[in-house]
Structure formats: C-alpha cells, structure tokens
Amino acid sequence: MGIISNYNNSSNISSNIDKDIIQHISDIVKYDCIKLIIDGYNQYLADEEVIFSIDEPTITAGLYGHIENQINCTDIQCTIVPELPEFTKSIRKGRTKPKKAKKYDLCFIHFQIKPNSFFGVEAKLLVEENYKNKNANFLISEYVEDKGMGKYINKIYEKEGLMLGYILKGNPLKIVEKINFKINDVYSINDSLKHPYKFENFEPYLFISSHAQKKELIHLFLDFEKFSNYS
C-alpha cells in the first residue's frame, strides 16, 4: 500500500478530490499507523532495558517511545502524541466543559494532507484466563463496552481510531473469540471482529469490525506473554 509520499504530493490534492481517492488516502494513513505500531512493538520486544509491568499506561509509554523512534527513521510526515484529549464539537462550542474530554491513549497526527489526519488509539489489557490480578471477563468487557470499542461505536470519540489489545497471557485467537462472544451480547453479530480484506500483511492479529453508519474499526493485538512470564 505504501506511505502517502509515495502516492502523491499534498499540494496536488484538489479540494474536489474524488471520494474513492480520499478513501484510498485514508487507508494509506491507517496502514502507516499500523506499520509504525508493529515496528515499534518489535523494537519494544528487543529492548533489553525494558522493565515490564502488567499495567496499560506503562506498556503504552514504552510503546510510544519506540514508535516515536520509528517515525524519526522514516519519511512519514506524522507525529505521535500520548494522552491527547479529544475536544468534541460540544466542548469546542462551550456546551461541555473541557475537563470532561476523553483522552486517547495515543494519537497519530498526519501532516501530509489537509486537513491534518487524526487517528486515535485506545489501548486495553487482555488475558485468555484470569492471570494474577487481571480478571479475563472484566478485561473483555472493558475492551468491548464504553471504555473500549464503545467509545468509537457510541460516538464518545468523534474521530476515527484503532483498538489496541495488549495480550498478557493466552492465545490471541481464543481471546478474539471471547471478544466476539461479548460483542454479540452487547451489540450484534454484525459487529464482530473479522479478518480484513485489506492490510493483509499484518495478519493474523489484525481484525476489522464494521458498525452502523459505515463505521469501520481496526483491532490490532500485540502479544506480550514473553514479558509476562518474567514479570
């Protein structure tokens, strides 16, 4: 698929650009973000200085540092920001206080097209079975409901984004089965995670779910069991 700089120059993009091209550019932005996360994750796994903790903000902070390093090594014109609040239209118009803004765990801002492309990341811990102080069913519920997927599905977040699952223990595909069972209970079978028809290079732990109003949500699962065994 490639990065946007290999596709065209932003100065040549017409304000009346065809919708199919806009969608293609959006997919390239998503591809860039996914690739940066995976490359950062691989660097995280290889980092011998990492002190691993089964704590989402700690994992996210470590991942953030390695993704930032990856951005600096590429010509992708974007940045990554941690803990970025989303100022919704209601907040911008003064109807809701800014302190009520929900924060993305990570946010990619792509500068190569106008308006700048904004792509948020919501990260959650996951285990197949109860592990230490982590309850498997509770974490699955958090992932699916309004602390996770629901932020995108129920318009708690207004902008596009990605779900990022940190697997501490267990089989990723078994965990996806449990997520789909919960989705069927909370939403419908049509909202289930499926292998994507695009981004094929990132299987088997990349999925897409489709929701009302043509919303599409990417799910990327990173396996940290290597570290959990020693933490």
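Trainee: Why is Arg95 called exposed?

Mentor: In this predicted model, Arg95 has a relative accessible area of 59%. Exposed requires over 50%, so Arg95 is classed as exposed. Arg95 is placed in the loop between helix H3 (89-92) and strand S2 (103-110).

Trainee: Which residues form the positive surface patch?

Mentor: The patch is formed by Lys89, Arg92, Lys93, Arg95 and Lys159.

Trainee: Is Thr60 buried or exposed, and how do you know?

Mentor: The relative accessible area of Thr60 is 5%. Buried means under 20%, therefore Thr60 counts as buried. Thr60 belongs to helix H2 (residues 56-72). For the chain of 231 residues, buried residues make up 47%.

Trainee: What makes the pairing of Thr60 with Tyr166 a polar contact?

Mentor: The side chains of Thr60 and Tyr166 are joined at 2.8 Å. The cut-off for such a pair of N or O atoms is 3.5 Å, so the separation of 2.8 Å falls within it.

Trainee: Why is Thr74 called partly exposed?

Mentor: Thr74 has a relative accessible area of 33%. The class lies between the limits of 20% and 50%, so Thr74 is partly exposed. Thr74 sits in the loop between H2 and strand S1 (78-85), and a polar atom of the Thr74 side chain lies 3.2 Å from the backbone nitrogen of Ile76.

Trainee: What makes Glu216 and Lys30 a salt bridge?

Mentor: The closest N and O atoms of Glu216 and Lys30 are 3.8 Å apart. The limit is 4 Å, therefore the pair qualifies as a salt bridge. The pair links distant parts of the chain, with Glu216 in strand S6 (residues 215-223) and Lys30 in helix H1 (residues 19-46), 186 residues apart. Lys30, Glu160 and Glu216 are also linked in a network of salt bridges.

Trainee: How many salt bridges are counted, and what distance joins Glu129 and Lys178?

Mentor: The count comes to nine salt bridges. Glu129 and Lys178 meet at 3.6 Å, N to O. Glu129 lies in the loop between strand S3 (117-127) and helix H4 (136-144) and Lys178 in helix H6 (residues 172-186), so the pair ties together parts that are 49 residues apart in sequence. Another of the salt bridges joins the side chains of Lys147 and Glu142 at 3.8 Å, N to O.

Note on methods: Residues are numbered from 1 along each chain as its sequence is written. This is a predicted model: local features need pLDDT of at least 70, side-chain atom pairs count only at pLDDT 80 or more; totals for chains, interfaces and linings use all residues. Side-chain values use heavy atoms; hydrogens and water are left out. Patches are made of residues with over 30% relative accessible area and no salt bridge: like charges are joined within 9 Å, nonpolar side chains (Val, Leu, Ile, Met, Phe, Trp, Tyr) within 5 Å. Accessible areas come from the Shrake-Rupley method with a 1.4 Å probe; for residues, only the protein chains shown count as cover. Lys and Arg count as positive and Asp and Glu as negative; His and the chain ends are not counted. The place of a charge is taken as NZ of Lys, CZ of Arg, CG of Asp or CD of Glu. Helices (H or I, at least four residues) and strands (E, at least two) are DSSP runs, numbered from the N terminus. Buried means under 20% relative accessible area, exposed over 50%, partly exposed in between (1.4 Å probe, protein chains only). A polar contact is a pair of N or O atoms within 3.5 Å; within protein, one must be able to donate a hydrogen and the other to accept it, and residues adjacent in sequence count only if both atoms are side-chain atoms.
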